[in-house]
Amino acid sequence: MSMVTVSAPGKVILFGEHAVVYGRPSLVSAIDRRIYVSLETRDDNKIAISSNAEPRDLSFPVGELRTADGFPYIRKAVELAFERTGRESGLDIEISSEIPPASGLGSSASVSVATIMAVCGALGTEISKEELAKLGHRVEFEVQGAASPTDTAVTTFGGVLFVEPEKEEHQRIDVSLPLVVGYTGIERSTGALVENVRALKEKSPEIVDPIIENIGRITVEAKYRIENGEDIGELMNTNHGLLVELGVSSPELDSLVKAALDAGARGAKITGAGGGGCMIAYAPDSREAVANAIEKLGFRAFDSATTSEGVAVE
Ligand code: MEV
């Protein structure tokens, strides 16, 4: 028996969500909330999965890895890790998460990357971070049907990254931004939201393509402003407006964005896929007032300090 625990951080997308699915860049930050995957091999050829974020445990024979019902990201991550190691084994997998599920904070990417690393570790196979990020991206792509490498890159490498989907290397930016996260508590599916945008784009490319193009331009400009210590509030607001046009906002997200701006935030926007989940506010001089305004509406608010630590063996 071999026991290993691996952790990986969640993330907030600062700029560029959805447009990054169509090859535009994104700016993303790892946050100091993590998912822990503890994994032990077992010799009865069964896989048992439990998580503090899910009401139901799952147990099935190794042969049913592809067909069992539940924990799709973890099952796909185990499948790709078995492929990578060339070995299969019974496993006990226990997930402990500080990241609310389906909230836009990257829990599926972090659990996928941490699970691949844990399986490889337990089966005695070394795997580089570059390879982990690629396999993690494959997990998201195969489970969701469409996914950019943003979330899996940042949970693997940590820090603030400028991700250009067609490039292997991600540029690391040395900055820590004072952000407040507002959480609507509404779970939603990234895959479904990405699909909605795709349908809209196919129906009216002449309207939707320029929106995507402009989100890409904003992201490039935001990187320049961050690197030069300039304000990014106004760019956040414009990016939010374009996400509203893509149809991925919700009444709750819009009311949180408005409340944050009214309380003194310089900028605020959806973060991640939208439809519920979370928003972020850039509030260098009014963090407490912004957090209070979000809580006054009955939602949760927390600081999202950037973490430089990506996926790691505990
Ligand atoms: C999800 O965190 C961000 C999206 O752009 C999807 C993706 O990049 O895979 C909506």
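Keep in mind that the structure is a predicted model.

**The largest pocket**
- Its lining is made up of 47 residues, and those closest to the centre are Tyr-73, Ala-102, Ser-107, Ser-108 and Thr-190.
- Several elements each give two or more residues to this lining, among them strand 1 (3-15), strand 5 (90-97), helix 1 (72-85) and helix 5 (190-203).
- Sorted by class, the lining has 21 nonpolar, 16 polar and 10 charged residues.

**The ligand and its neighbours**
- The residues around the ligand include Lys-11, Ile-13, Glu-17, His-18, Ser-148, Asp-151 and Val-194.
- By class, this shell divides into six nonpolar, three polar and three charged residues.
- Look at Ser-148: an N or O atom in its side chain is 2.5 Å from an oxygen atom of the ligand.
- For Asp-151, a side-chain N or O atom is 3.0 Å from a ligand oxygen.
- His-18 uses its backbone instead, with an N or O atom 2.8 Å from an oxygen of the ligand.
- On its own the ligand would expose 300 Å², and the protein buries 98% of that area.

**The second largest pocket**
- This pocket has a volume of about 350 Å³.
- It is lined by 16 residues, with Ala-133, Lys-167, Glu-168, Glu-169 and His-170 closest to its centre.
- Helix 3 and helix 4 each supply at least two lining residues, and helix 3 gives the largest share, four residues.
- The lining here has six nonpolar, three polar and seven charged residues.

Methods:
Residues are numbered from 1 along each chain as its sequence is written. This is a predicted model: local features need pLDDT of at least 70, side-chain atom pairs count only at pLDDT 80 or more; totals for chains, interfaces and linings use all residues. Side-chain values use heavy atoms; hydrogens and water are left out. On a 1 Å grid over the protein atoms alone, a cavity is a set of points where a 1.4 Å probe fits but cannot get out, and a pocket is an open set with protein on both sides within 12 Å along at least five of seven lines; lining residues have an atom within 4 Å of a point. Ala, Val, Leu, Ile, Met, Phe, Trp, Tyr, Cys and Pro count as nonpolar, Asp, Glu, Lys and Arg as charged, and the others, Gly among them, as polar. Grid points are joined across faces, edges and corners, and a volume is the space filled by probe spheres set on the points. A residue is near a molecule or strand if one of its heavy atoms lies within 4 Å of it. A polar contact is a pair of N or O atoms within 3.5 Å; within protein, one must be able to donate a hydrogen and the other to accept it, and residues adjacent in sequence count only if both atoms are side-chain atoms. Accessible areas come from the Shrake-Rupley method with a 1.4 Å probe; for residues, only the protein chains shown count as cover.
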